[in-house]
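I opened my notebook to look around this model one topic at a time. Here is what I looked up, in the order I went.

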Amino acid sequence: MSLRDVRGVQRRRGFTTVATQALQRTAHARFIAPVLRGRPPLGSAKRARRAARLIAGMPWTRRLPAYFLAYGALRERPPREAVRSGRPAAAARSTPRLLGGIDDLRGQLLHWRRG
C-alpha cells in the first residue's frame with residue numbers, strides 16, 4: 001500500500017470519524033456525565049423516560065446507534081480484488097453468521113449461553 005492509498009482512505013474516512021466522535025461526545029455530555037454527577041440524563045427524568053420509550057419502542061431506533069458505531073456514517077467496502085470468492089465448507093459452518101443484524105446477534109449469544 002502506498003502513501004497515496006493511505007491518504008485516499010483518510011480522505012474517505014474523515015467525515016465518518018468526525019461524525020462518530022461527535023456522537024460519542026454528545027452521548028457523554030448528555031447521558032454519561034449527568035448520571036455520574038447523580039443527575040438525570042437529558043436535563044430531567046421526564047425527558048430521559050420519554051427518550052427511553054422512543055428508543056425502545058421502534059426496532060430501527062434500537063439498531064441505529066449500534067449500526068452507526070460499527071460501520072460509521074459512510075460504510076467502507078473493500079476493493080473487489082481484496083474479497084475472496086468463497087470459503088471452505090468447514091469454515092462456513094464454524095463461523096457464526098452476523099449479517100442479520102443486532103437482533104440475530106443477540107439470539108446467537110443467548111443460544112450459546114444456554115449451550
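What share of the 115 residues in the protein chain is buried? I found that buried residues make up 11% of them. For my notes, buried means under 20% relative accessible area, exposed means over 50%, and partly exposed lies in between, with a 1.4 Å probe and protein chains only.

**Ground rules**

I am working with a predicted model, in which local features need pLDDT of at least 70, side-chain atom pairs count only at pLDDT 80 or more, and totals for chains, interfaces and linings use all residues. I number residues from 1 along each chain as its sequence is written, and side-chain values use heavy atoms, with hydrogens and water left out.

**Overall layout**

I counted 5 helices and 0 strands in the protein chain. Read along the sequence, the pattern is α-α-α-α-α. Helices here are DSSP runs of H or I with at least four residues, strands are runs of E with at least two, and both are numbered from the N terminus.

I also looked up the contacts, where contact means heavy atoms within 4.5 Å. Of the contacts with a separation of 6 or more, 48% join residues 24 or more positions apart. The accessible surface comes to about 10000 Å², and 59% of it belongs to carbon and sulfur atoms. Those areas come from the Shrake-Rupley method with a 1.4 Å probe, and for residues only the protein chains shown count as cover.

**Confidence**

I checked pLDDT next, which is the predictor's confidence in each residue, from 0 to 100. The protein chain averages 76, and 74% of the residues score at least 70. Among the elements, α1 has the highest mean pLDDT (88) and helix α4 (residues 89-94) the lowest (49). Over residues 91-99 pLDDT stays under 50, and the model has 7 contacts beyond four places in sequence for them. I noted a caution for myself: where pLDDT is low, the predicted coordinates should not be read in detail.

I then moved to helix α1, where Thr-16 lies. Thr-16 counts as buried because its relative accessibility is 2%. Leaving out residues up to four places away in sequence, I found Thr-16 touching Tyr-71, Gly-72, Ala-73 and Leu-74.

Thr-20 is in helix α1 too. Thr-20 is at 13% relative accessibility, so I put it down as buried. Beyond four places in sequence, Thr-20 touches Phe-68, Leu-69 and Gly-72.

I placed Tyr-71 in helix α3, and its 33% relative accessibility is why it counts as partly exposed. Tyr-71 and Thr-16 are 55 residues apart in sequence, and their C-alpha atoms are 8.8 Å apart in space.

**The second largest pocket**

I looked up the second largest pocket and got a volume of about 250 Å³. A pocket, on a 1 Å grid over the protein atoms alone, is an open set of points where a 1.4 Å probe fits, with protein on both sides within 12 Å along at least five of seven lines; lining residues have an atom within 4 Å of a point. Grid points are joined across faces, edges and corners, and the volume is the space filled by probe spheres set on the points.

The lining consists of Leu-23, Gln-24, Thr-26, Ala-27, Phe-31, Ile-55, Leu-64, Pro-65 and Leu-69. α1 gives the most, with 5 residues, and α1 and α3 (59-71) each supply at least two. By class I have 7 nonpolar, 2 polar and no charged residues.

Ile-55, one of the lining residues, sits in helix α2. Ile-55 is partly exposed because its relative accessible area is 42%. Not counting residues up to four places away, Ile-55 touches Thr-61 and Arg-62.

My last stop was Leu-42, in the loop between α1 (3-36) and α2 (45-57). Its phi is near 65 degrees, a positive value in a residue other than glycine. Most residues other than glycine have a negative phi. At 13% relative accessibility, I therefore logged Leu-42 as buried.

Methods. Nonpolar A, V, L, I, M, F, W, Y, C, P; charged D, E, K, R; others polar.
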